[in-house]
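Hello,

Here is the structure for you to look over. My notes on it follow below.

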Amino acid sequence: MSSTSTLARPAAARPTRTRPRKRGLHSPRVLWLAVPSLVWFAVFAVGPLAAMFVIATLRWKGLLYEPTYAGTENITKVFDDPTFYAAIRNSAVQVAVAIPLMIPLSFMLGYHLNSRPRGYRILSILYFSPGLISISVTGMVFYGVLSPDGGVNGALRAAGLDTWATAWLADPSTALATLIAIDLWRGIGWTAVLFAARLASLPADVLEAARIDGAGRFRTMWQIAFPMVKDYVRTLTMLQYLWTLFTSAALILLLTKGGPGTSSTTLSYLVYAKAFAQRDLGYSQVVGVVLLLLGIAGMALIHVLLRSPRENPR
């Protein structure tokens with residue numbers, strides 16, 4: 001009887017269960033906390049980016065001058081300028097040489113550091129220290145080392161290689177290569193420490209199993225460890241690509257000022273030279289737009305080349 005009466009009870013009398021309201025990170029109250037960050041991003045990231053496109057259409061010498069609308073005049077001026085094409089060539093050489101050398105060498109150094117050789121803590125400090133030295137100090141040190149009577153030429157003369165001695169920063173054939181070498185000196189060790197930190201999180205039993213199966217050190221490094229950290233390799237490659245492409249102006253300003261001639265002028269330095277030395281903001285921002293497009297295209301290419309196997313479309 002009790003079961004029958006329960007079944008006969010109208011649905012309206014049955015107790016209803018109410019779903020608890022969702023609270024947590026997706027709560028509207030919590031999402032409102034992101035508004036200050038979005039405003040900050042819009043003002044200090046999207047704002048300057050939009051301003052770059054606007055200034056590219058202006059004839060403007062600086063903040064103390066009245067800007068006038070120039071339309072596409074700056075674009076024509078840039079693409080008719082041989083210096084612009086020299087800067088593109090130098091930037092392409094810098095990226096094409098520095099990144100393919102820096103990333104593999106850094107990965108191998110990081111793998112060696114992760115194996116904890118004797119004195120690995122001291123090695124970590126030595127690897128990381130070039131990245132901690134300010135760019136002004138770096139410029140001052142290498143300006144002395146690479147001068148005609150500096151340490152490099154002195155070592156070459158002492159070794160009987162007088163014909164190899166040259167004014168490294170004042171020779172059009174060596175100025176850009178010297179800057180690339182300094183970038184490698186600053187970046188390889190710093191990136192190696194980052195790789196070692198990522199490799200330390202790999203499961204040790206996988207690497208140990210590879211060694212037990214007869215895989216040598218080189219094979220374990222490139223066929224086992226490298227695919228497991230490929231996402232991280234891609235991220236660091238993108239960062240180094242952007243760093244090389246966008247921040248070369250500081251070292252060039254300190255050491256060569258884009259010379260001799262235009263032999264070491266890159267796009268990044270050309271933006272600085274036109275904006276601050278020649279007071280042509282419209283020209284500089286057109287070059288800035290080109291830099292932005294090259295940065296986006298380069299990151300897309302790196303993403304495709306270093307795509308993980310699980311990301312490949314079937």
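α12 gives the most residues to the lining of the largest pocket, with 5. Helices here are DSSP runs of H or I, at least four residues long, while strands are runs of E of at least two, numbered from the N terminus. A pocket is an open set of points on a 1 Å grid over the protein atoms alone, where a 1.4 Å probe fits, with protein on both sides within 12 Å along at least five of seven lines; lining residues have an atom within 4 Å of a point.

Two notes on the source. This is a predicted model, where local features need pLDDT of at least 70 and side-chain atom pairs count only at pLDDT 80 or more, while totals for chains, interfaces and linings use all residues. Residues are numbered from 1 along each chain as its sequence is written, and side-chain values use heavy atoms, without hydrogens or water.

Largest pocket
- In total, 16 residues line the largest pocket, and Arg186, Gly187, Gln240, Trp243 and Thr247 lie nearest its centre.
- Two or more lining residues come from each of α9 (175–199), α12 (230–246) and α13 (249–255).
- Nonpolar covers Ala, Val, Leu, Ile, Met, Phe, Trp, Tyr, Cys and Pro; charged covers Asp, Glu, Lys and Arg; the others, Gly among them, are polar.

Second largest pocket
- The second largest pocket holds about 260 Å³ of space.
- It is lined by 15 residues, with Ile99, Thr237, Ile302, Leu305 and Leu306 closest to its centre.
- α5 (82–114), α11 (217–228), α12 and α15 (281–305) each give two or more residues to this lining.
- The largest share, 5 residues, comes from α5.
- The lining has 13 nonpolar residues, 2 polar and no charged ones.

Helix α6
- α6 (residues 120–132) has 13 residues and should span 18 Å at 1.5 Å a residue, which agrees with its end C-alpha atoms, 18 Å apart. The expected span is 1.5 Å times one less than the number of residues.
- Tyr120, Tyr127 and Pro130 are buried in α6 (under 20% relative accessible area, 1.4 Å probe, protein chains only). They sit on the same side of α6, because they cover an arc of only 90 degrees around the axis, taken from the directions from the helix axis to the C-beta atoms.
- The face turned away from that buried side carries Arg121, Ile122, Ile125 and Leu132, which are exposed (over 50%).

Best wishes

Key
Points joined across faces, edges and corners; volume = space filled by probe spheres on them.
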